[in-house]
Amino acid sequence: MADWEGKYPINGRLAGKNAIITGAAGGIGLETTILFMREGASVLMTDVSEASLAKAKAKVHELAPNAKGKLDTAHCDVTKEADIERVVNSLDDWGGVDVMFNNAGIMHPADADAIDTPEKIWDLTQAVNVKGVWYGSKHAIISLRRHKKSRGSIINTASMVALVGASTPQLAYTASKGAVLAMTRELAIVHAKESYRFNSLCPAPLNTALLQDWLGDDAAKRHRREIHFPTGRFGEAIEQAQAVLFLASDESSFVNGTDFVVDGGLTKAYVTPQGPRAPAPANLAR
Ligand SMILES: NC(=O)c1ccc[n+]([C@@H]2O[C@H](COP(=O)([O-])OP(=O)(O)OC[C@H]3O[C@@H](n4cnc5c(N)ncnc54)[C@H](O)[C@@H]3O)[C@@H](O)[C@H]2O)c1
């Protein structure tokens with residue numbers, strides 16, 4: 001057995017499936033790509049940032065060296081329907097899409113409260129976080145039907161902030177993620193008899209660039225958030241990716257229309273434990 005066969009086992013939970021991941025160049029999208037490849041899927045990584053995509057692809061080759069599936073990248077700005085349509089259609093050569101992970105999202109630093117959120121930031125946030133998910137869902141459905149697929153899984157990244165309130169406002173972001181939950185629920189019911197499942201992923205605040213760049217080394221800002229975690233720590237992207245893997249696979253065949261919360265218990269907590277934080281798993285791409 002080659003060294004990597006024990007280190008990077010292939011279990012085949014997604015064997016034969018073709019997946020598209022938006023926002024695949026970093027964070028949750030990159031960790032998910034690596035897991036999907038290790039589980040036998042073929043993955044088209046898409047992102048608006050081509051430079052980051054190239055680096056991310058190299059990382060996937062390094063960390064899933066024995067993967068049997070195809071791996072490719074494509075530029076895709078999810079706010080442009082033509083971009084989404086092009087990348088979804090490009091999978092026709094592979095046999096059509098089976099799994100669509102609409103994961104790209106932004107949390108803009110100028111997003112604020114009802115008074116101070118600039119209209120252009122509101123519009124941009126809805127364009128990426130809501131319209132992008134609509135376009136991704138729409139073209140996934142068209143492709144699933146065209147290829148006469150008997151099942152499909154669409155996972156849309158929402159957020160815990162769509163479920164609980166916070167006094168640190170980011171009104172456009174919160175509203176956009178609430179829209180993802182509602183839209184995904186409706187899609188799930190409309191397409192249930194085609195066996196096309198739609199679930200929302202609701203991550204808690206994570207240790208990824210999206211949030212951590214904004215928090216920087218401001219200890220007070222960090223503490224204000226960490227105190228609400230029963231574990232005392234932010235989530236890791238790999239912990240979200242493991243949930244996405246389950247939702248993408250046929251193991252979750254009866255899981256549909258859920259707000260799939262992966263938050264270390266945060267949304268169920270009132271008074272959290274004192275003491276040192278619980279250990280976190282290591283991400284694959286560090
Ligand atoms: N990080 C958190 O704390 C957190 C918490 C809850 C939900 N989320 C959600 O998880 C998803 C992934 O976030 P992440 O934490 O991995 O962040 P990330 O910033 O590491 O990844 C987001 C990716 O989306 C890409 N992107 C941005 N605009 C795009 C566009 N118009 N078209 C295509 N790609 C675009 C970025 O280039 C980036 O690679 C987002 O939807 C985010 O809102 C994150």
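The model is predicted, with local features requiring pLDDT of at least 70, side-chain atom pairs counted only at pLDDT 80 or more, and totals for chains, interfaces and linings using all residues. Residue numbers start from 1 along each chain as its sequence is written.

**Helix α2**
- Because 12 of the 12 residues of α2 are buried, the helix is largely enclosed by the rest of the structure; buried denotes 20 or more other C-beta atoms, placed from the backbone, within 10 Å of a residue's own.
- Among these buried residues are Glu31 and Arg38.

**Packing against α3**
- Helix α3 (residues 50-63) packs with α2 at an angle of about 35°, the axes lying 10 Å apart; axes are lines fitted to C-alpha atoms over the stretch in contact, and angles run from 0 to 180 degrees between N-to-C directions.
- Leu30, Thr33, Ile34 and Met37 of α2 meet Ala56, Lys59, Val60 and Leu63 of α3, contact being C-beta atoms, placed from the backbone, within 7 Å.

**Ligand shell**
- Gly23, Gly27, Ala104, Gly105 and Leu210 come nearest among the 31 residues around the ligand, where near means a C-beta atom, placed from the backbone, within 6 Å.
- Two or more shell residues come from each of α2 (27-38) and α7 (209-215).

Note on methods. Helices (H or I, at least four residues) and strands (E, at least two) are DSSP runs, numbered from the N terminus. Two residues are in contact if their C-beta atoms, placed from the backbone, lie within 7 Å.
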